Amino acid sequence: MSEQRHGNTPGTPGAVHAFPDLPEATIARLPEYLRALHNLEDGAETISSEALAAAAGVNSAKLRKDLSHLGSYGTRGVGYDVALLTAQIEYILGLDQRRAVGLVGVGNLGHALAGYDGFASRGFRIVALFDAAPGRVGEEINGLVVRHIDELPQVAAEESIAIGVIATPASAAQAVADDLVAAGVTSILNFAPCVLSVPAGVDVRKVDLAIELQILSFHEHRKASLTALPGGRTEAVGS
């Protein structure tokens, strides 16, 4: 279902536009395109679909289809206007709003996330840190003082926190998610190795580093199995 967004899009001041109903796969690739655009050498005004696709790690046909959902088709023989395309993708991803992020859990992982400077250049600002451990509350990390989790409702309202990041142990993650939802936060990035139960309308993205390593382990196992075949054949086992 398409949503209506009231506001400006690049090149059309004051207009009201239908927010595009994008496929999930396209949404997942837009940040890659944006990263590639930001990494271009200074002064580049245009880029071909082939060059941008190579920089983003996708094929050019897929890139052109993705960008067509944004109404961006490029110019034959010229390519895409870098500034315009960057602005379009940032608008679609909502990065023109500098979204406020609250981080819960400042153990080893949370501490590293709180000290990471790369979020600011990607359109986010961590505005508050929370923990329940007495030894953590009051600690200063990257200019922010860790608050007790009981302060979450008040701080979320004061700072207009849009996204909550959970970096707690799995045993505490569901309770933290409940607290975030109760405080009005409707987008959650979960680093805890567990599945969260949240109401409809709350979006959760899960980052499980162990799962990613297990997937890489599968590929290592598969490659080792292939090279162990008689004669070094590379066909899949059982084919």
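Reading the labels in a predicted model

User: Why is Leu-52 called buried?

Analyst: In this predicted model, Leu-52 has a relative accessible area of 0%, and because buried means under 20% relative accessible area, the label applies to Leu-52. The residue is found in helix H2, which spans residues 49-56.

User: Which residues does Leu-52 touch, once residues up to four places away in sequence are not counted?

Analyst: Leu-52 touches Tyr-33, Ala-36, Leu-37, Ile-47, Leu-63, Leu-67 and Leu-85, where a contact requires heavy atoms within 4.5 Å. Leu-40 is 12 residues from Leu-52 in sequence, and their C-alpha atoms are 9.3 Å apart in space.

User: What makes Asp-66 count as buried?

Analyst: Asp-66 has 2% relative accessibility, and since the label buried is given under 20%, Asp-66 is therefore classed as buried. Its place is in helix H3, residues 60-68.

User: How many aromatic pairs does the rule give?

Analyst: The count comes to 1 aromatic pair, and this pair is formed by Tyr-116 and Phe-119.

User: Are Tyr-116 and Phe-119 buried, exposed or partly exposed, and what are their relative accessible areas?

Analyst: Tyr-116 has a relative accessible area of 47%, and Phe-119 has one of 27%. Since buried means under 20% and exposed over 50%, with partly exposed in between, Tyr-116 is partly exposed, and Phe-119 is partly exposed as well.

User: What makes E5 mostly covered, and with which strands does E5 pair?

Analyst: In E5, 5 of its 6 residues are buried. Strand E5 (residues 99-104) runs parallel to strand E9 (residues 163-166) and is joined to E9 by 4 bridges, with Val-104 standing opposite Ile-166. E5 also pairs in the parallel sense with strand E6 (residues 124-131), over 6 bridges, and there the bridge partner of Arg-99 is Phe-124. Because strands pair if there are at least two bridges between them, the bridges to E9 and those to E6 both qualify.

User: Why are E7 and E11 called edge strands?

Analyst: The open sheet of 7 strands has the order E7-E8-E6-E5-E9-E10-E11, with mixed pairing. Strand E7 (140-141) and strand E11 (203-206) each pair on one side only. The protein chain as a whole contains 9 helices and 11 strands, and 32% of its 239 residues count as buried.

User: What is the average pLDDT of the protein chain, and over which residues is the pLDDT below 50?

Analyst: The average is 87, and 88% of the residues score at least 70. Over residues 1-16 the pLDDT is below 50, although this stretch has 29 contacts in the model beyond near neighbours in sequence. Where pLDDT is low, the predicted coordinates should not be read in detail.

Notes
Residues are numbered from 1 along each chain as its sequence is written. This is a predicted model: local features need pLDDT of at least 70, side-chain atom pairs count only at pLDDT 80 or more; totals for chains, interfaces and linings use all residues. Side-chain values use heavy atoms; hydrogens and water are left out. Rings of Phe, Tyr and Trp (its six-membered ring) pair if their centres lie within 6.5 Å; planes under 30 degrees apart count as stacked, over 60 as edge-to-face and the rest as tilted. Buried means under 20% relative accessible area, exposed over 50%, partly exposed in between (1.4 Å probe, protein chains only). Helices (H or I, at least four residues) and strands (E, at least two) are DSSP runs, numbered from the N terminus. pLDDT is the predictor's confidence in each residue, from 0 to 100.
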